[in-house]
Each structure stands twice: as structure tokens, then as C-alpha cells.
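Please look at the sequence and the structure before reading on.

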Amino acid sequence: MAMSEEAAAAAETPQTPTGTRRGRVRMKRSALMAVPAVAVGGILMTLTAQGVLAAQFSISGMPFTITADKLDGDGFAQFGSLDSMIPDSPNAGSTGGQVLVAVSAIKAAQITNLCQSVDLGGVSLVIHAGDKGTPVSASDLTTDSDLLSGDAEFKNIEIGGDASTYTKAGPVGKGQPGVFGQQADHVTLTHLNQHNYASTAVGFKLPNLRLSFSSKGC
């Protein structure tokens, strides 16, 4: 039986999923692809639509703060990404369950006077380490940040390359094809302050570690 012109047109037209939440996530993602993701040391990184990176794990959606007097890192890479929460996460708020982040990857890091805190709602869980002469050390370290500040110095930096081709930070320093990024042989960050949603490391040594609850974070 021949199809009517209206039915044929309807069959050829892709159907768009309905629902307020899906629409909000799609619109937000499209908008984020068109604006700068984050600036570090005056260097602007952007995401491209082809380079949206899936999170390695579902984030809780509760951000945490990291501060340090100094971070020295051998093998550095940085690129944009999207971190995702579980479906219907109670921490999603107006984000649609996704957070735009800058992934910073370091092959080997030394961190002096590290403080990490997370606000649990009226009280903060605080961790201190590396403040008695022996710095914290980490290997294959990544942090997913939506805010980062400090004084940065790079050695042999490359800006604007495709993050999927990066090698200086090892496997953890590779982004998706088409993602704008930067990499360097060495990075020194002083007066570091990060607002993070995730962090991973293959190795993590924290000398003089102390954990406590406090009314104030880092």
C-alpha cells in the first residue's frame, strides 16, 4: 500500500526524545561546546562537540577543595571533559547530572602542604598531609576541576594539540579525538586552589596524614 506524503515525511523525520530533563541536558551540552571551558595560567582551553569525554566513574556530585603551597609535576597534560552522576542523583540540582571540568593529568607529582576538604552539610571532612618536610607524592594523577587558581610555570609547553595524541603524561593524559588541550614536560604550581569533582591516582603517598571534622574547610 502506498504511503501518503504526510506519512512518508513523518517516517523520514528523526524523532526527538521528549522530556524536560533530556532537553535541558542536550541544550546545556550544546551551549557548553560553544564557550571556553577553563583558563589556567592565562591559557584558554575549549571543548569540541566531537571530544566529549565520558567520566571514568559516576561522580557523587559533591565537590571537594584541594589547596597546596606547591605542586611540582613531571609530564603534564590538560583538556576538557564532562563528568556524569548516576541517573536521578540527589546532587544533580540544575546541572542535569553533568559537570563541565578540566582534566589535569600528571605523570609524577610532588605536593607540599596538601589540604583536602569536602562540605558534608554544616561540617567539613578535612585531610592534611605533606606539611612536615616530606611532600605528598602521586603517580598517574588526574584531577577533574571546574575552578582552578594559582601561579603556573611550564617547561616545553605545547598548546592547541589534539589531546588524543598526547604522550607526556602517559595513558592518563590522553583525551578524546578532537579535544583541544595542552601538554608540557614539567609544571610548577604555587598557591594552588582547586574545586574538584573527581581525582584518581595509580600511586598516592601521604606522609603525616591527618583526618578530622571541622566547621571550616581548606
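The structure shown is a predicted model. D185 has a relative accessible area of 35% and therefore counts as partly exposed. The side chain of D185 meets that of K168 in a salt bridge, with 3.0 Å from N to O. This pair links distant parts of the chain, for D185 lies in strand β9 and K168 in the loop between β8 and β9, 17 residues apart.

E158 belongs to strand β8 (residues 158-162) and K168 to the loop between β8 and β9, so the contact ties together parts that are 10 residues apart in sequence. Both residues are partly exposed: the relative accessible area is 37% for E158 and 22% for K168.

D185 pairs with K168 at 3.0 Å; through shared partners, salt bridges join E158, K168 and D185 into one network.

## Another salt bridge

The whole structure contains five salt bridges. One of them joins D72 and K70, whose closest N and O atoms are 3.5 Å apart. D72 is partly exposed at 22% relative accessibility, and K70 is partly exposed at 36%.

## The protein as a whole

The protein has two helices and 11 strands, and along the sequence the pattern reads α-α-β-β-β-β-β-β-β-β-β-β-β. Of its 218 residues, 38% count as buried. The accessible surface is about 11600 Å², and carbon and sulfur atoms supply 56% of that area.

Among contacts with a separation of 6 or more, 79% involve residues 24 or more positions apart.

Notes. Residues numbered from 1 in each chain as written. Predicted model: local features only at pLDDT ≥ 70, side-chain atom pairs only at ≥ 80, totals over all residues. Heavy atoms only, no water. Helix = DSSP H or I, 4+ residues; strand = E, 2+ residues; numbered from the N terminus. Buried < 20%, exposed > 50% of the residue type's maximum accessible area, 1.4 Å probe, protein only. Contact = heavy atoms within 4.5 Å. Areas by Shrake-Rupley, 256 points an atom, 1.4 Å probe, with all protein chains shown as cover. Salt bridge = Lys/Arg side-chain N within 4 Å of Asp/Glu carboxyl O.
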